[in-house]
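Work through the exercises below with the sequence and the model in view. Each task is followed by its solution.

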Amino acid sequence: MVDSRKLKICLVGDVGVGKTSLIRRYVLDVFDDKYIATIGTKVTKKDVQIQNQKTGSAENVTLLIWDIMGQPSFREVLREAYFYGAQGAIAVCDVTSKESLNELRYWIKAMTATTGDVPIVFLGNKCDLKDETRVTIDDIKVFAKKHEATAMYTSAKTGHNVEDAFTALVDKMLAR
Ligand code: G3D
Ligand code: MG
């Protein structure tokens, strides 16, 4: 059997935006209403079959999804190791916090210093918190546009758009 192609994906964004919850929703299809502290970095594997838009055929790929503990100090010390070899990224903000969107600027900068230009999907997570939403989809699109990236609202809690977000990223990565 041929080894399936491996793709490294990093999640970036501030503490509490929902990175770990998004990965758990995507990989395990569960949501915990408690904070699951990420110790350092954690890699989760998921095998997927994706329609390669370029070749038109189905392709088996193994996603290596890297999760981090998003402390500012982390950015200095471990970021090179974390970002090294990443072929795509999911940039996550919390729609109830404008600040978490602005912070993505620094995360992207730190990442691209190591990875160069890679496909990114920008997510406004926690879209289930409708009354507390402070970040519009257009706010996120302004960020996404600079990187020719896609912007989506997601909810790790309800599962809204979570699968689509990962699929959209993998499509872009395979189209390279
Ligand atoms: P992080 O990995 O980016 O640090 P976590 O974030 O995935 O640990 O999530 C931080 C908090 O946000 C957790 O709640 C988690 O349950 C919550 N959360 C994550 N995604 C969503 C979502 O889509 N909707 C809602 N409503 N909450 C979400 P606590 O209360 O433990 O801080
Ligand atoms: Mg986490």
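**Exercise 1. State the strand order of the sheet and identify its edges.**

Solution. The sheet is open, has six strands with mixed pairing, and runs in the order β2-β3-β1-β4-β5-β6. Strands here are DSSP runs of E with at least two residues, helices are runs of H or I with at least four, and both are numbered from the N terminus. Two strands pair if DSSP finds at least two bridges between them. On that basis β2 (41-51) and β6 (150-153) are the edge strands, since each pairs on one side only. From one strand to the next the twist averages 25°.

This is a predicted model, in which local features need pLDDT of at least 70 and side-chain atom pairs count only at pLDDT 80 or more, while totals for chains, interfaces and linings use all residues. Residues are numbered from 1 along each chain as its sequence is written, chains are lettered from A and ligands numbered from 1 in the order in which they are written, and side-chain values use heavy atoms, with hydrogens and water left out.

**Exercise 2. Describe the pairing of β1 with β4 and find the helices that pack on the sheet.**

Solution. Strands β1 (residues 5-12) and β4 (residues 88-94) pair in the parallel sense over four bridges. The bridge partner of I9 is G88, in β4. Helix α5 (residues 104-115) packs on the sheet and touches β1, β3 (58-68), β4 and β5 (120-125); contact means heavy atoms within 4.5 Å. The direction of α5 makes about 165° with that of β4. Axes are lines fitted to C-alpha atoms, for helices over the stretch in contact, and angles run from 0 to 180 degrees between N-to-C directions. Helix α6 (residues 137-146) also packs on the sheet, touching β4, β5 and β6, and its direction makes about 155° with that of β6.

**Exercise 3. Locate the buried residues of α7 around its axis.**

Solution. V162, A165, F166, L169, V170, M173 and L174 are buried in α7, buried being under 20% relative accessible area with a 1.4 Å probe, protein chains only. Seen down the axis of α7, the buried residues fall within an arc of 165°, so they line one face of the helix. The arc is taken over directions from the helix axis to the C-beta atoms.

**Exercise 4. Classify the ring pair Y26 and F166.**

Solution. Rings of Phe, Tyr and Trp (its six-membered ring) pair if their centres lie within 6.5 Å; planes under 30 degrees apart count as stacked, over 60 as edge-to-face and the rest as tilted. The centres of Y26 and F166 are 3.9 Å apart and their planes are at 0°, so the pair is stacked.

How values were computed: Buried means under 20% relative accessible area, exposed over 50%, partly exposed in between (1.4 Å probe, protein chains only).
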